[in-house]
Amino acid sequence: MIKVKQNAFPKLAIGALLAVFSLYGCSSGTEQSQAPAEDAFNKYYDGKGVGPITEYAIGTADVTQRVDSGQKVFETKCTSCHKLTAERAIGPGLLGITKIRRPEWIMNQILNPMEMTQKDSMAQALLKKYTTQMINMNLTEGEAGAVYEYLKKNDGGAQ
Ligand code: HEC
């Protein structure tokens, strides 16, 4: 009798442990497949990033003109990797971007993408997700500002 008890106990204990582990494994597995990464990137990020732009000033230039020149720059230098919708291409879809990132951050990402992906936590996370380094397209600060205005218009933002 005693012998049977001693043999049965470890088996039961192992069985119970396995059941607990497999339940735990399942539930954490589902949590991970809920794609929390998407949510994290679509949230407002309050950083200005790293680069030449510390304060965004709209300046005195005509806004319509800036939007138009921004569109031209975007079409020649950005559309190979980005769409204006939410759809992912080589880089993230840019619809809504001006609502979740500061103008300074967006311009620094355009003007200084290498240092951004090394030092800014959001840009680092984006690089990890997209596994491609955005390249420096050698825009002037004025062109980067114009592209920002164009993206803002794409988001339905008031000027
Ligand atoms: C060679 C492809 C490529 C080109 C060209 C490119 N990008 Fe990117 N871009 C990326 C990738 C990949 C990411 C995300 C990872 C990273 O930052 O490297 C990104 C990230 C971004 C982000 C951050 C998006 C977010 O969700 O926060 C913005 C804004 C952006 N790019 C704007 C631009 C603009 C504007 C241009 C044109 C001047 C441009 N990019 C040109 C590939 C590119």
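**Salt bridges, iron site and loops**

Student: At 54% relative accessibility, does Lys119 count as buried or exposed?

Tutor: Buried means under 20% relative accessible area, exposed over 50%, and partly exposed in between (1.4 Å probe, protein chains only). Lys119 has 54% relative accessibility, so Lys119 counts as exposed.

Student: What kind of model is this?

Tutor: Residues are numbered from 1 along each chain as its sequence is written, and side-chain values use heavy atoms, with hydrogens and water left out. Local features need pLDDT of at least 70, side-chain atom pairs count only at pLDDT 80 or more, totals for chains, interfaces and linings use all residues, and the model itself is predicted.

Student: Which side chain meets that of Lys119 in a salt bridge?

Tutor: A salt bridge needs a side-chain nitrogen of Lys or Arg within 4 Å of a carboxyl oxygen of Asp or Glu. Side chains of opposite charge can pair when their charged atoms come close. Here N and O are 2.7 Å apart, and the partner of Lys119 is Glu115.

Student: Which helix holds both Glu115 and Lys119?

Tutor: Helices are DSSP runs of H or I with at least four residues, strands are runs of E with at least two, and both are numbered from the N terminus. Glu115 is partly exposed, with a relative accessible area of 25%. Glu115 and Lys119 are 4 residues apart, about one turn of the helix, and both lie in α6 (residues 113-119).

Student: How many salt bridges does the structure hold?

Tutor: One of them joins Glu55 and Lys48 (3.1 Å, N to O). Another joins Glu87 and Lys83 (3.1 Å, N to O). The number in the structure is 4.

Student: Is Glu55 buried or exposed?

Tutor: Its salt-bridge partner is Lys48. Lys48 is partly exposed, at 27% relative accessible area. Glu55 has a relative accessible area of 57%, so Glu55 is exposed.

Student: Which protein donors hold the iron atom of the ligand?

Tutor: Donors are N, O and S atoms within 2.8 Å of the metal (3.2 Å for Na, K and Ca); water is not among the atoms, so sites may look incomplete. The protein donors lie 2.0 to 2.2 Å from the iron atom. They are His82 (NE2) and Met134 (SD).

Student: How many residues apart in sequence are the parts that this pair ties together?

Tutor: His82 lies in the loop between α3 (63-77) and α4, and Met134 in the loop between α7 (121-130) and α8 (141-154). At 14% relative accessibility, His82 counts as buried, whereas Met134 counts as partly exposed at 26%. The pair therefore ties together parts whose separation in residues is 52.

Student: What is the geometry of the site of the iron atom?

Tutor: Six donors count as octahedral, and four as square planar, if opposite donors are over 155 degrees apart and all others between 65 and 115; four are tetrahedral if all angles lie between 85 and 135 degrees, and anything else is irregular. The iron atom has 6 donor atoms, with angles of 85 to 178° among them. The site is octahedral.

Student: Which residue has a polar side-chain atom 2.8 Å from an oxygen atom of the ligand?

Tutor: A residue is near a molecule or strand if one of its heavy atoms lies within 4 Å of it. By that rule 24 residues surround the ligand, and the closest are Cys78, Cys81, His82, Arg101 and Met134. A backbone atom of Thr132 also comes to 3.1 Å from a ligand oxygen. The side chain asked for, at 2.8 Å, belongs to Arg101.

Student: Which side chain makes a polar contact with that of Thr98?

Tutor: A polar contact is a pair of N or O atoms within 3.5 Å; within protein, one must be able to donate a hydrogen and the other to accept it, and residues adjacent in sequence count only if both atoms are side-chain atoms. Thr98 lies in helix α4 (residues 97-100) and counts as buried at 14% relative accessibility. At 2.5 Å, the partner is Asp155.

Student: Where does Thr131 lie?

Tutor: Thr131 has a positive phi of about 50° although it is not a glycine. Thr131 is exposed, with a relative accessible area of 66%. Its place is the loop between α7 and α8.
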